[in-house]
Amino acid sequence: MTKAQQLLQNLWGHSSFRAPQEAIINAVLNNEDVLALLPTGGGKSVCFQIPALLKDGLCVVVTPLVALMKDQVHALKAKDIKATSIAGGLSYEEVSVVLDNCMYG
């Protein structure tokens, strides 16, 4: 079992990836450029969340779906995974604090 599969099972409770999640995740882990287009409900989040947990550094996701972003941040925090979001309505100071927290853990 790969580390990606272990994370999938341990954190999300799934024993296998959906097609084509595993190929996307492996490409990201191999430092390949990836453009992944999946339908709604196709499991896009796992395709960036698992590599983000396995690689060093920061994962930045840009999305117009604020409600989904809030749900995902909440779900990640419930799994003891560091996550945050920046959305409209935050003051400059609030955005600055979020970015500082990202830079310094």
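In the predicted model, Asn31 is exposed, its relative accessible area being 61%, a value over the 50% above which a residue is counted as exposed. Asn31 belongs to the loop that runs between α2 and α3, and its backbone is marked by a phi near 60 degrees, which is a positive value in a residue other than glycine. A corresponding description can be given for Asp80, where phi is likewise positive and near 60 degrees, again in a residue other than glycine. The loop that holds Asp80 lies between α4, residues 66-78, and α5, residues 92-104. With a relative accessible area of 73%, Asp80 is also classed as exposed, since the value is over 50%.

A further backbone feature is found at the peptide bond joining Ala19 and Pro20, which is cis, with omega at about -5 degrees. Pro20 is part of the loop between α1 and α2. Gln21, in turn, lies in helix α2, which comprises residues 21-29. The relative accessibility of Gln21 is 4%, and the residue therefore counts as buried, the cut-off for that class being under 20%. When residues up to four places away in sequence are not counted, Gln21 touches Gly42, Gly43, Val46 and Cys47.

Val46 also takes part in the packing of two helices, α1 and α3. The packing of two helices is described by the angle between their axes together with the distance between those axes. For helix α1, residues 3-12, and helix α3, residues 44-54, the angle is about 110 degrees and the axes are 10 Å apart. Helix α1 is therefore roughly perpendicular to α3, because the class of roughly perpendicular arrangements covers angles from 65 to 115 degrees. The handedness of the crossing between α1 and α3 is right-handed.

Sorted by class, the residues in the contact of α1 with α3 comprise nine nonpolar residues, one polar residue and one charged residue.

Key. Residues numbered from 1 in each chain as written. Predicted model: local features only at pLDDT ≥ 70, side-chain atom pairs only at ≥ 80, totals over all residues. Heavy atoms only, no water. Axes fitted to C-alpha atoms, helices over the stretch in contact; angles between N-to-C directions. Helix = DSSP H or I, 4+ residues; strand = E, 2+ residues; numbered from the N terminus. Parallel < 35°, antiparallel > 145°, perpendicular 65-115°, else oblique. Left-handed = near helix turned anticlockwise from the far one by under 90°. Contact = heavy atoms within 4.5 Å. Nonpolar A, V, L, I, M, F, W, Y, C, P; charged D, E, K, R; others polar. Buried < 20%, exposed > 50% of the residue type's maximum accessible area, 1.4 Å probe, protein only.
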